[in-house]
Amino acid sequence: MATYVWTINKLFTEDVTKNSNTYTDVISRIQATLTGTSETDSNISAEGSFDLDMNITNIENSFTTYTSVTEATAKTWVENRVDANILSNIKQNIEDNIAFEEKIKNANAKEDADGNATFPWT
């Protein structure tokens, strides 16, 4: 299992005119990352990235001014925008990657002093 944290990487805005009203700095796209961290080793993590169209077609019903948007609000928008099946698949991939890293964490590559791979047959 993993614990998850959303990070908002970038907000994209545009001005939108609808029904003779102009909305300034409408957040129309958000890039975010979901990071899963191992519950048994906090040094092991994996992530999934998202680039989301925020579907602003009903802007007149739900506009929030850019300066009023909080990080928590943006994270909620992302969580609500990501399809549940896609999110489930991404979380499964994250957990699979974490499980792999946990399994191999004690393996060391055989290398020379310069970091080049060494093999028993050379």
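## Strands, rings and salt bridges

The model is predicted, so local features need pLDDT of at least 70 and side-chain atom pairs count only at pLDDT 80 or more, while totals for chains, interfaces and linings use all residues. Residues are numbered from 1 along each chain as its sequence is written, and side-chain values use heavy atoms, with hydrogens and water left out. Helices (H or I, at least four residues) and strands (E, at least two) are DSSP runs, numbered from the N terminus.

**Strands β2 and β3**

- β2 and β3 run antiparallel and are joined by 9 bridges; two strands pair if DSSP finds at least two bridges between them.
- A hairpin of 6 residues leads from β2 to β3.
- In a regular strand the side chains alternate between the two faces of the sheet.
- Strand β3 (residues 45-53) has a covered face made of A46, G48, F50 and L52, while S45, E47, S49, D51 and D53 make up the uncovered one.

- S20 sits in the loop between β1 and β2, and has a positive phi of about 70° although it is not a glycine.
- With 72% relative accessibility, S20 counts as exposed (buried means under 20% relative accessible area, exposed over 50%, and partly exposed in between, using a 1.4 Å probe and protein chains only).
- N21 belongs to strand β2 (residues 21-38) and is partly exposed at 41%.
- From N21 to E60 the chain runs 39 residues in sequence, and the two are 8.4 Å apart in space, C-alpha to C-alpha.
- D25, also placed in strand β2, has a positive phi of about 55° although it is not a glycine; its relative accessible area of 32% makes it partly exposed.

**Aromatic rings**

- The structure has 3 aromatic pairs, meaning rings of Phe, Tyr and Trp (its six-membered ring) with centres within 6.5 Å; planes under 30 degrees apart count as stacked, over 60 as edge-to-face and the rest as tilted.
- R29 lies over the face of F12, 3.9 Å from the ring centre; a charge sits over a ring if NZ of Lys or CZ of Arg is within 6 Å of the ring centre and within 35 degrees of the ring normal.
- The ring of Y4 has the charged end of K91 over it, 4.8 Å from its centre.

**Salt bridges**

- Side chains of opposite charge can pair when their charged atoms come close.
- The whole structure contains 4 salt bridges, each a side-chain nitrogen of Lys or Arg within 4 Å of a carboxyl oxygen of Asp or Glu.
- K18 and E60 form one of them (3.3 Å, N to O).
- That pair links distant parts of the chain, with K18 in strand β1 and E60 in helix α1 (residues 59-62), 42 residues apart.
- K18 is partly exposed at 25% relative accessible area, and E60 is partly exposed at 33%.
- D41 and K105 meet in another (3.4 Å, N to O).
- Here D41 is in the loop between β2 and β3, and K105 is in the segment after α3 (84-104), 64 residues apart.
- D41 counts as buried at 15% relative accessibility, whereas K105 is partly exposed at 44%.
- E71 and K75 form a salt bridge with closest N and O atoms 3.3 Å apart; both lie in helix α2 (residues 71-81), 4 residues apart, about one turn of the helix.
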